[in-house]
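Trainee: I am new to this structure. Could you walk me through it and tell me what the terms rest on?

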Amino acid sequence: MISRLVSLQFFLTFGVLIFLNYFLEIKLLLLARFFPKYGGEVEAFFLALYGAYIFQKMLTSPSRSKVRLRIWTVFSVIFFLQLLVGLIGIESFLQTGKLHWPIPAYIVVGPVFRGGGLFMVFLLLSTIVLVGPAWCSFLCYIGSWDQHLAQIQFRRSRLSFFASLSSFGRGYILLGVIFVALLFNWMQISYFFTIYASLFFIAISLFAFYLSYRKRFMFHCTRFCPIGFLTNLFGRVNPFRMRIDDSCTLCGHCVAKCRYDALNMERVKNKHPSITCTLCADCLEVCDSKSISFYLWSGNKKVEKIFFMLVISLHVVFLGVARI
Ligand code: SF4
Ligand code: SF4
Ligand code: SF4
């Protein structure tokens with residue numbers, strides 16, 4: 001059964017990559033740029049092979065949380081390495097050659113400020129339709145670092161004020177940055193001033209990362225990043241849900257495992273994680289009674305294999321095509 005699913009996942013990823021390679025004007029795959037004849041096909045084949053390997057790992061590994069964080073980190077490192085190589089002058093490693101800040105919030109802020117360029121917004125929305133909030137546990141080039149920081153063993157900090165902030169505060173941050181972008185556009189602010197504004201935003205982001213380190217949950221993603229708010233909110237249009245069934249023994253292991261601050265004992269008793277759940281699946285591996293799992297809406301059939309197939313395919317496609 002598993003080998004059939006792995007083969008299916010290979011062909012799904014390969015098919016999407018080949019489609020992108022043939023039908024888009026811009027060459028998204030790197031090898032297609034250097035070796036126009038068969039470079040794209042070769043890269044698509046090896047990426048799909050990698051996808052099949054990690055899909056199989058996600059289905060069978062007893063520590064899939066480690067597998068997920070590892071592949072997510074590799075994705076981020078490759079993304080930033082390409083940006084670095086592009087910045088030193090090898091433009092094939094950039095997507096459009098038009099540099100912009102690698103800040104997730106700019107997916108929304110950028111088009112508002114520029115008055116166009118909605119490609120990333122459509123990409124974000126279509127992944128939300130396919131895999132809900134899992135953009136924030138498999139696909140974003142920043143989030144893995146937040147999880148690394150949140151996992152560093154450190155005694156719980158007394159900075160309780162920050163931990164008590166609501167995850168909905170990110171909605172106000174979203175409105176705030178959109179307002180500033182509109183204002184800058186209307187005032188026709190010079191490009192250099194936008195650099196200072198971006199540096200200010202990055203400074204606050206760094207403080208939020210520091211709080212992730214202190215609080216041992218992903219403070220940056222669950223309390224600061226406006227894109228995290230969007231994926232959590234609009235993720236509800238997607239049918240995948242994480243739920244706890246009646247076999248739960250209230251052991252609390254999943255609460256300790258979740259770095260997205262989506263579980264506490266009250267939530268466990270209510271059988272649903274909070275809105276900050278990103279379907280990362282880390283909690284599944286610590287539940288001895290297999291009481292927590294993926295479902296479609298309120299259905300009773302566990303669907304984690306389908307979810308992993310979709311999200312790993314997307315992850316691998318992003319690995320091949322995501323660059324600035
Ligand atoms: S919350 Fe923001 S930084 Fe975190 S993973 Fe999501 S988009 Fe990326
Ligand atoms: S509840 Fe589980 S799936 Fe949701 S974010 Fe927490 S660990 Fe991940
Ligand atoms: S780990 Fe499983 S059994 Fe324990 S509290 Fe969580 S869902 Fe319930």
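Mentor: Gladly, and let us begin with a definition: two residues are in contact if their C-beta atoms, placed from the backbone, lie within 7 Å. This is a predicted model, where local features need pLDDT of at least 70, side-chain atom pairs count only at pLDDT 80 or more, and totals for chains, interfaces and linings use all residues. Residues are numbered from 1 along each chain as its sequence is written, and chains are lettered from A and ligands numbered from 1 in the order in which they are written.

Trainee: What do the buried residues of H8 pack against?

Mentor: They pack against helix H4 (64-87), helix H7 (135-139), helix H11 (191-215) and H12. Helices here are DSSP runs of H or I with at least four residues, strands are runs of E with at least two, and both are numbered from the N terminus.

Trainee: Which residues of H8 are called buried?

Mentor: Gly-143, Ser-144, Asp-146, Gln-147, Leu-149 and Ala-150. A residue is buried if 20 or more other C-beta atoms lie within 10 Å of its own, exposed if 12 or fewer, and partly exposed in between.

Trainee: How do you know that the reach of H10 is close to the expected one?

Mentor: The expected span is 1.5 Å times one less than the number of residues. H10 (residues 169-187) has 19 residues, and its 27 Å from first C-alpha to last is close to the 27 Å expected.

Trainee: What puts the buried residues of H10 on the same side?

Mentor: The buried ones are Arg-170, Leu-174, Val-177 and Ala-181. They cover an arc of only 70° around the axis, so they sit on the same side of H10; the arc is that of the directions from the helix axis to the C-beta atoms. The face turned away from that buried side carries exposed residues, including Tyr-172, Phe-179 and Trp-186. The buried residues of H10 pack against helix H5 (106-114), helix H12 (219-224) and helix H13 (226-234).

Trainee: How many residues of the shell around ligand 1 come from H13?

Mentor: Three, the largest share. Among the residues surrounding ligand 1 are Cys-136, Cys-140, Cys-221 and Cys-225, and a residue counts as near if its C-beta atom, placed from the backbone, lies within 6 Å.

Trainee: And how many residues surround ligand 2?

Mentor: There are 14, and the closest are Cys-258, Pro-273, Cys-277, Cys-280 and Cys-283.
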